[in-house]
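Here are some questions and answers for a reader who is meeting this structure for the first time.

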Amino acid sequence: MTTALSESTIATVKATAPVLQQHGVAITTRMYQRLFENEEVRALFDQAAQDSGEQPRRLAAAILGYAQNVDKLQNLSGAVARMVARHVETGVKPEHYPLVADALLPAIRDVVGEAATDEVLAAWGEAYWFLAEILIGKEREIYAERA
Ligand code: HEM
């Protein structure tokens, strides 16, 4: 079971939604630069969607939607289902999730600098893992059904 996010984490994540709206694509573009230092991970992605900027935009939109709905996750069920479907199609595995966390959190700091305080990054780290656990659980079920 995933432990619920604390009130203070929810408040911090929601408060940073405007910053993400402004810098979302810069953050996800930087995140992919960091992530793709790993060749195995890079190979999972459609390079055309990267080069066109489509995938960084989709991820930025997903992160923003999450920040705005972190206390109303029922609003995200359609978005979560699409992510899960795409992840299963491309073979995303649980062990990839730490790699994305380790690329995303430093990317936030790279782009917004000291405005991403340790408190903000810690809240986003928790929120990332909260969503990641939901995705991992649903993806695991589908992989198990198919096995
Ligand atoms: C909480 C973490 C994550 C979120 C919020 C997320 C979000 C998304 C979203 C919004 C999409 C686009 C879905 C669509 O086409 O409508 C997507 C696709 C994808 N994600 Fe994730 N993702 C996460 C973790 C991961 C991880 C750990 C990996 C593996 C390294 C990964 C690899 C991919 C790939 C390969 C695609 C398909 C991209 C393509 O079309 O080339 N994601 N993800």
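**Aromatic rings, burial and the ligand**

One aromatic cluster is formed by Tyr32, Phe36 and Phe45. This is a predicted model, in which local features need pLDDT of at least 70 and side-chain atom pairs count only at pLDDT 80 or more, while totals for chains, interfaces and linings use all residues. Residues are numbered from 1 along each chain as its sequence is written, and side-chain values use heavy atoms, with hydrogens and water left out.

Q: How many aromatic pairs are there, by the rule that is used here?
A: Rings of Phe, Tyr and Trp (its six-membered ring) pair if their centres lie within 6.5 Å, and planes under 30 degrees apart count as stacked, over 60 as edge-to-face and the rest as tilted. By this rule the count is 5 aromatic pairs.

Q: Why is the pair of Tyr32 and Phe36 called tilted?
A: The ring centres of Tyr32 and Phe36 are 5.4 Å apart and their planes stand at 35°, so the pair is tilted.

Q: What makes the pair of Tyr128 and Trp129 edge-to-face?
A: For Tyr128 and Trp129 the distance is 5.3 Å centre to centre, with 90° between the planes, and this aromatic pair is edge-to-face.

Q: Why is Tyr128 called buried, and why is Trp129 called partly exposed?
A: Buried means under 20% relative accessible area, exposed over 50%, and partly exposed in between (1.4 Å probe, protein chains only). Tyr128 has a relative accessible area of 12%, so Tyr128 is buried, whereas Trp129 has 32% and is therefore partly exposed.

Q: Why is Glu89 called exposed?
A: Glu89, which lies in helix α6, has a relative accessible area of 58% and is therefore exposed.

Q: What makes the link between the side chains of Glu89 and Arg86 a polar contact?
A: A polar contact is a pair of N or O atoms within 3.5 Å; within protein, one must be able to donate a hydrogen and the other to accept it, and residues adjacent in sequence count only if both atoms are side-chain atoms. The contact that joins the side chains of Glu89 and Arg86 is 2.5 Å.

Q: Which atoms lie 2.8 Å from an oxygen atom of the ligand?
A: A polar side-chain atom of Arg86 lies 2.8 Å from an oxygen atom of the ligand, and a polar backbone atom of Asp46 is 2.8 Å from an oxygen atom of the ligand.

Key
Helices (H or I, at least four residues) and strands (E, at least two) are DSSP runs, numbered from the N terminus.
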